Amino acid sequence: MQPTLNPNLKDFWMTRTLPNGDAVKVRTLYGGRMSSKSHDAAGMAIARSNHHRELFLCTRMYQNKIADSVYSLLKAKIDYFGLSSQFKVFADAIEHKTNGSLFRFYGLARNIEEVKSFEGATVWWNEESQNLTKTMFTTVRPTVMRNEGAEMWFTFNPKLMSDYAYQRLVVKPPSGSLVRLINYDENPFLTESARKDIEDEFEEDAEQANHIYLGVPLSDDDMSIIKRSWIEAAMDADIKLDMDFSGATCVGYDVADSGEDRNCIVKFIGSKATCLDAWKAREDELDKSSLRAYGYVGDNGKLSYDSIGVGAGVGSILKSAGKKNFFKFNAAAEVFNPDREYAPKITNKKKFENLKAQAWRDVADRLKNTFNAVTKGHQFTASEMISISSGLDCIDELKAELCEPHKDYSKRGLDMVESKKEVKKRLNDKSHDLSDAFVMGACPHLVKSKRQGFAIHG
């Protein structure tokens with residue numbers, strides 16, 4: 001049998017120009033296991049490097065030894081195509097004997113600075129790109145794309161819908177991207193026994209099989225306080241349930257003054273999020289930003305703002321401007337109604353470390369109620385649920401942010417929310433400012449007194 005690649009991917013590899021006229025600069029091949037993604041990429045890499053000079057930068061998240069890389073795949077394809085006489089295979093590199101094509105291998109987690117200074121790459125192939133982070137992408141991308149005609153290849157099996165790689169490479173890919181989903185059912189090299197085993201797995205657990213073999217990203221992260229499926233169910237939930245969610249206006253305001261963080265507001269009318277705004281401001285523009293946020297309040301609404309750090313000055317600014325009905329939200333303050341039972345025999349003060357943990361759990365519980373009402377027909381009042389307008393600006397970003405903070409626990413064993421610092425570290429400087437504004441806007445019922453962490457003005 002003549003050596004060949006997957007014929008179903010011929011157009012993917014041979015296309016040089018997109019329908020809009022842009023040259024293909026990014027090739028993203030994603031999907032489930034046993035779909036031939038990595039094998040096909042390795043085969044195409046060897047075919048191209050045998051035809052003309054190429055310098056391949058081959059990376060992945062971790063590479064403790066060369067065997068962890070695509071090195072073995074490339075060696076196998078050299079043998080498969082009968083090209084052993086054309087390539088020199090070294091302990092840590094592969095080189096074409098006559099045209100100078102070269103393959104080098106790096107783990108990005110520990111060698112990002114070395115990769116950053118890599119010269120002359122014509123193709124960056126990142127395997128297992130589900131682990132790709134924003135820092136890695138934004139660091140390596142300019143290193144490669146400064147070379148005329150260079151391409152970036154990404155191959156991966158998606159994990160979570162909210163992962164940076166899935167959002168950046170599939171949902172909102174860079175310009176010049178060719179994105180292709182490939183699964184086992186398009187793999188002509190798959191044995192019948194393997195195909196039968198896959199079909200058996202679909203019978204046993206269809207949801208898990210969809211994830212593993214059809215490349216369907218998981219919507220829910222078990223560590224997240226708020227599940228993505230709950231948020232999706234809450235989209236226009238008032239319309240889905242034909243219920244009136246309206247009520248008093250409350251605007252949540254997450255405050256920033258400079259740097260990468262943004263000022264963010266989310267406006268609630270009753271139990272429905274109806275408006276979102278986010279903007280960056282300089283250090284000397286807190287007055288302007290505070291008044292901009294208050295502008296969403298309306299005649300009889302309230303503003304709940306983060307009073308920690310730079311937000312400490314917001315109250316004075318609004319008071320000087322003659323504004324009323326604005327409230328401090330002190331995330332570290334003690335819980336609201338500490339002696340009330342959150343669950344049988346478990347009071348709020350024995351459940352939550354601070355007000356932030358209580359507020360996030362309150363929102364999570366109401367979104368879960370919404371999910372159960374929409375998908376299972378359970379009965380709740382509008383105040384026990386949350387609806388989110390599907391027409392909000394940055395709605396996809398808000399969805400992702402609400403899922404990002406993980407559960408955490410204090411030294412006393414009480415519930416906490418993963419700190420912003422830890423979230424940023426885990427997500428490579430990605431903040432969750434929109435979701436903090438959302439939580440503050442969703443919880444006006446927690447406003448009672450200064451003792452609970454809020455100060456009421458007006």
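Select Arg27 to begin: at 1% relative accessibility this residue counts as buried, where buried means under 20% relative accessible area, exposed over 50% and partly exposed in between, with a 1.4 Å probe and protein chains only. The model is predicted, so local features need pLDDT of at least 70 and side-chain atom pairs count only at pLDDT 80 or more, while totals for chains, interfaces and linings use all residues. Residues are numbered from 1 along each chain as its sequence is written, and side-chain values use heavy atoms, with hydrogens and water left out.

Arg27 sits in strand β1 (residues 26-30) and Glu151 in strand β7 (residues 151-156), 124 residues apart, with strands (E, at least two residues) and helices (H or I, at least four) taken as DSSP runs numbered from the N terminus. Glu151 is buried as well, at 4%.

Move on to Asp277 and Arg292, a salt bridge whose closest N and O atoms are 3.0 Å apart. Asp277 belongs to strand β11 (residues 272-279) and Arg292 to helix α11 (residues 286-294), so this pair ties together parts 15 residues apart in sequence. Asp277 is buried at 11%, whereas Arg292 is partly exposed at 38%.

Terms used:
A salt bridge is a side-chain nitrogen of Lys or Arg within 4 Å of a carboxyl oxygen of Asp or Glu.
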